[in-house]
Amino acid sequence: GLKPAGSIDLGGGLLALDAEVADYGHNRAYETILERGLVSRSTVRAQDASITPPLAYGAIKSKLLTCLGDKDHREKVRLPKEDRLRLAMWIDANAPYHDRFANKRAPTPAYNFAGDAELKRKLGQIHGQRCGACHKTAEITRLDWIDLRDAKESLFLTAPLAREAGGRARCGQTVYPAAADPDYRAARRLVEDAVKKAWQNPRRDLVTLRPPSIEEQAAASPGRP
């Protein structure tokens, strides 16, 4: 559906905290982790010169790690020892998001589709025409729903598309009966172009990542148009 279980959205879609600064942003999962207090971090910039007591924050105080061993989760979620250690080390490093400092003299400007107002406007026009009867346009024209690994898997493309056409048909009534639908094709083209530009001119949190190959995209969504 359009709403994640427990309202815990750990999607990898990008957010823009400042549309004018491409590198000023993170992804939806990291935003959720901060908003819901799933990791206990040092608020370094807000601290004064006082001494922090031992075990005041870090992995030992973080729900993201401690929940793995409580009675409500230990049988449902199992993390290999190596991954658990990796998670603890990341939290104890104060849960950083970026893996590098900002390059203020980047050879080419990064493309930040999360802050692309024109992209959002064009998608919003399509959603207003096709989805407006059931949804508020602003609520479903979410650029953080764009799938960087496989553009056509973006939530606002798959949810309204008929199952017979490779979609998930999550809406009360089919919005796009076929992948040949003109509005579906227009929306998908906008998203695919944005994802392509994002990998060609990556912002700081995408630089280290490797864009998916054609083979990987095919394997991730077999049989999709």
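On a 1 Å grid over the protein atoms alone, a pocket is an open set of points where a 1.4 Å probe fits, with protein on both sides within 12 Å along at least five of seven lines, and lining residues have an atom within 4 Å of a point. A volume is the space filled by probe spheres set on the points, which are joined across faces, edges and corners. The model is predicted, so that local features need pLDDT of at least 70 and side-chain atom pairs count only at pLDDT 80 or more, while totals for chains, interfaces and linings use all residues. Residues are numbered from 1 along each chain as its sequence is written, and side-chain values use heavy atoms, with hydrogens and water left out.

**Exercise 1.** Describe the largest pocket by its volume, central residues and lining classes.

Step 1: the volume is about 1,100 Å³. Step 2: 37 residues line the largest pocket, and Asp23, Tyr24, His98, Arg100 and Arg204 are the closest to its centre. Step 3: with Ala, Val, Leu, Ile, Met, Phe, Trp, Tyr, Cys and Pro counted as nonpolar, Asp, Glu, Lys and Arg as charged, and the others, Gly among them, as polar, the lining holds 19 nonpolar, ten polar and eight charged residues.

**Exercise 2.** Is Ala22 buried or exposed, and which residues does Ala22 touch?

Step 1: Ala22 has a relative accessible area of 17% and is therefore buried, the limit being under 20% with a 1.4 Å probe and protein chains only. Step 2: not counting residues up to four places away in sequence, Ala22 touches Ala110, Asn112 and Arg203, where contact means heavy atoms within 4.5 Å. Step 3: Arg204 is 182 residues apart from Ala22 along the chain, yet their C-alpha atoms are separated by 8.2 Å.

Technical notes. Buried < 20%, exposed > 50% of the residue type's maximum accessible area, 1.4 Å probe, protein only.
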